[in-house]
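Trainee: Could you take me through one part of this model closely, with the cut-offs stated as you go?

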Amino acid sequence: MVTFLPQLFPACAKAVKISGALLKDISKYLMIVTLFLIGANLSKEKMKEMGIAPVLRGIVRWIVLGSLWCVAIYLGYVKCID
């Protein structure tokens with residue numbers, strides 16, 4: 001899309017590049033979520049069965065741990081680059 005449409009419609013080249021980049025990012029994140037669900041052996045039925053609470057707890061844990069690691073990196077306890 002990003003390389004083919006600008007050749008057909010040169011006036012829309014910039015808009016096509018922006019929308020193409022957005023579609024690429026969205027598709028990348030959807031692929032990650034899909035691969036996670038496949039790896040975790042989760043289906044729509046199983047997710048409905050267990051409810052929203054475990055999902056919310058997982059998201060909260062992810063945010064807390066991510067924040068803690070960011071603070072540790074900022075304070076110099078963890079070095080990312082030598």
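Mentor: Helix H4 is followed by glycine 76, whose phi is positive, near 90°; helices here are DSSP runs of H or I with at least four residues, numbered from the N terminus. The model is a predicted one, in which local features need pLDDT of at least 70 and side-chain atom pairs count only at pLDDT 80 or more, while totals for chains, interfaces and linings use all residues. Residues are numbered from 1 along each chain as its sequence is written, and side-chain values use heavy atoms, with hydrogens and water left out.

H4 covers residues 53-75, and because its 23 residues at 1.5 Å a residue should span 33 Å, the 33 Å between its end C-alpha atoms agrees; the expected span is 1.5 Å times one less than the number of residues. On pLDDT, the predictor's confidence in each residue from 0 to 100, H4 has the highest mean among the elements, 89, whereas helix H1 (residues 5-8) has the lowest, 61. Where pLDDT is low, the predicted coordinates should not be read in detail.

Within H4 lies isoleucine 59, which is partly exposed at a relative accessible area of 42%, that is, between buried (under 20%) and exposed (over 50%), with a 1.4 Å probe and protein chains only.

Definitions and conventions: Helices (H or I, at least four residues) and strands (E, at least two) are DSSP runs, numbered from the N terminus.
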